[in-house]
Structure formats: C-alpha cells, structure tokens
Amino acid sequence: MRLFLWLLAIFATAIGVAVTARFNPGNVVLFYPPYRVDLSLNLFILLWLVLFFVMYFMLRTFNAARQMPEMVAQYRQKRREREANKALREALKCLLEGRFGHAEKAAIRACDLPENASLAALIGARAAHHMQQGERRDQWFARMQGDSSFKTARLVVAAELLVDDRKPAQALEAVNELNASGMRHIYAQQLALKACQQAKMWPEVLRLVKTLDKRHALHPALSMRLRELAYEDLLLDSSHDAESLRRVWSGVASEDKRKAFVVARAAHAFNSRGLHEEAAHIVETALQHEWDERLVRAYRESAGTEGSATLLAQIENCESWLRQ
C-alpha cells in the first residue's frame, strides 16, 4: 500500500510539472557582449537543477574522500574489537572445557583490545596455572598491576592459585592486601583459612573457623575437623612446658573445652607432663556435659598414685558414674 501511494504521488508530481512547463511562456535572456543567449524558463530551471545536483554530488564525493582515512581507521578498530571479543569468548570457553593451551592462546589475542586486557590476563593466568607454568602465570598477573578496577579480582584469583600451588605465605600476602583495601568477603576468608592450614598457623585457623561459622560458610563437619586438627597440634606440641601448656588451655574457647576430642588431647598433654590432677579436673568437667569413652580412658590415665586422696576421689567418681 505504501509503495502504491508513493508511485501515485510521483506520477501526480510529474503530471503537474509537465502541465506547468507546457503552459509556461517564460523566457530567460543572458547577455555577454557580443553574445546573447535565449533560454526558455523551463530549460533554465532544468539546467539549474542539474547544476545543483552535480555540485551536490561533487561535494559529497569530496567530503567522503576527505573522511576516508578516518572511516578506514574506524573500520579497522571495529574489526579489531570484534576479533578481540571473539577471542575473549573463545578463551573463556576453552578454559571451562579444560583446553588450557587453547585458552591461553586465545587470551593473548584478546589482549589486543585494551578493555579486554585485564580479564584476558585472568583467564591466561588460570590456564597457565593449570598447565603447571608458574612463571607464565606470574607474567599474566604482572600485566594487570596498573588496572585498579581489576585489583580485587586479581588478588582473589592470585590467592586461590597460590593456595592450590601450596604457597601459603604468598597467598596470605594477597589476602592481606585484599583485606587492606576493605574487602573482607567470605571467599577470601576461606582462602585464608586454607593457607593458614597449610602454613600450620593454628591460632589463626581457629579464629577464621569461628568467623566463618558465624556466617554459616563452613560445613559443621569440616569446622569440627579443623578445630580438632588445630587443638591437636597446639596441645600436643612437644615444646610446651607446664606453664605454656596452661596458657594454651586457657585460650581454648569455653564451648570447645567440652568437646571430647579436645579434652582427651588436653588430658594426654597434661598427663605427659605429670599434671595428673589438672588432667583429671578438665576430664571431670567435660564428663558432666557429655559421656564419652575417650574421656573415660583419659581419666584412667590421669589416675593418682596408689593410696593418694586423688585416687580415692577418682574411684568415688567412677562408682557414682556407674550408678548413674
């Protein structure tokens, strides 16, 4: 319908122009001594229209020629952006597929676009790490040093890869730098927990476990196991004397002093240093809250010497427990 209306309008205009030109008696005379040119008004108008369109197309052609270098540069830039974005998508796809060599090569191509350089560097670092290329991984991270917008992402990925590479000291440096910038999200604390566990920094492990437990970021079984490992290493450290052992035990959280595993290890540590009365006391306190065979065995090891008042008190406690 629209095409029909356009054709109708064009034909109507043509008919109107033809009729007007036929009954137009106008005349144009051009003098340029000694010459004289007579033109009909219709021809004069037609010549002016032709001249206008010729000049218009000449100016358009000149302007297009003048802008050609800029247009070529824009075309090349758009083509470079398309190729870089395509390479970035390919790098991410290959990384998720486990084709790490292809992912790193695609990341190199994606870096041709400055806007993609940091994200491509993260992909390249992960790919190099999975191929056990630590030097290339560090080179990828070095490319991102000047990009503040990707600082958090760089530190998180660096900490994760360093933990996986069992380099806890460097991983903790990355986490500390991340914390210094005010970012204390859960995943960073989980990475710090793994690094501290690898470095056997058990007091810090206990602190992080407590923090993550408050946020429900650890499975209860994992949380308990980490506590057990930490207390076992702290309490059974052979370098402790009686006084340092007492300080360690006083620093144990009150709820953990009721856990059978922790109390059994503490009782063993106290007994090995001849502190049987203290070992018996902490076991008796724990048994008031929970009955556990490990605690009973630890209580047996803390028995006093034959005929002593301590031994008699322990026997009375055992008889009371039997009746209960």
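**Loop between helices 9 and 10.** I started with His216, which sits in the loop between helix 9 (202–214) and helix 10 (220–235). This is a predicted model, so I treat every value here as computed. His216 has a positive phi of about 55 degrees although it is not a glycine. I noted that most residues other than glycine have a negative phi. Is His216 buried or exposed? His216 is exposed, since its relative accessible area is 71% and the cut-off for exposed is over 50%.

**Loop between helices 6 and 7.** I then went to Arg166, in the loop that links helix 6 (151–164) and helix 7 (168–180). Its phi is also positive, near 60 degrees, and Arg166 is not a glycine. Arg166 counts as exposed because its relative accessibility is 59%. Lys167 counts as partly exposed at 31% relative accessibility, and Asp165 counts as partly exposed at 28%.

**Salt bridges.** How many salt bridges does the structure hold? I get 14. In one of them Glu160 pairs with Arg126, the closest N and O atoms being 2.7 Å apart. Glu160 belongs to helix 6 and Arg126 to helix 4 (residues 117–130), so this pair ties together parts that are 34 residues apart in sequence. Glu160 is partly exposed with a relative accessible area of 22%, and Arg126 counts as partly exposed at 23%.

I also looked up Glu243 and Arg246, a salt bridge whose closest N and O atoms are 3.5 Å apart. Both residues lie in helix 11 (residues 242–250), three residues apart, about one turn of the helix. That spacing made me recall that an α-helix has 3.6 residues a turn, so residues three or four places apart point the same way. Glu243 counts as partly exposed at 44% relative accessibility, and Arg246 does at 30%. Elsewhere, salt bridges with shared partners join Arg137, Asp138, Asp165 and Lys167 into one network.

**Cores.** Which residues have the most contacts inside the largest nonpolar core? They are Leu193, Trp249, Ile282 and Val283, in a core of 50 residues. Helix 12 (residues 260–272) gives the largest share of this core, seven residues. A second, separate core has 23 residues, including Ala87, Ala91, Ala120 and Ala127. Back at Leu193, I listed its contacts beyond four places in sequence: Val205, Leu208, Val209, Leu212, Leu218 and Leu226.

**Helix 2.** I found a nonpolar surface patch of about 840 Å², made by Leu43, Leu46, Leu47, Trp48, Val50, Leu51, Val54, Met55 and Met58. Val54 lies in helix 2 and is partly exposed, with a relative accessible area of 41%. Lys93 is in helix 2 (residues 41–97) too, and counts as partly exposed at 46% relative accessibility. I checked Lys93 against Pro25, 68 residues apart along the chain: their C-alpha atoms are separated by 77 Å.

**Helix 14.** Last, I looked at helix 14 (residues 293–301), where the buried residues are Leu295, Ala298 and Tyr299. Seen down the helix axis, these buried residues fall within an arc of 105 degrees, so they line one face of helix 14. What does the face turned away from the buried side carry? I found the exposed residues Glu293 and Arg300 there.

Conventions: Residues numbered from 1 in each chain as written. Predicted model: local features only at pLDDT ≥ 70, side-chain atom pairs only at ≥ 80, totals over all residues. Heavy atoms only, no water. Helix = DSSP H or I, 4+ residues; strand = E, 2+ residues; numbered from the N terminus. Buried < 20%, exposed > 50% of the residue type's maximum accessible area, 1.4 Å probe, protein only. Core = buried A, V, L, I, M, F, W, Y, C linked by side-chain atoms within 4.5 Å. Contact = heavy atoms within 4.5 Å. Patch = residues over 30% accessible without salt bridge, like charges linked within 9 Å, V, L, I, M, F, W, Y side chains within 5 Å. Areas by Shrake-Rupley, 256 points an atom, 1.4 Å probe, with all protein chains shown as cover. Salt bridge = Lys/Arg side-chain N within 4 Å of Asp/Glu carboxyl O. Arc of directions from axis to C-beta.
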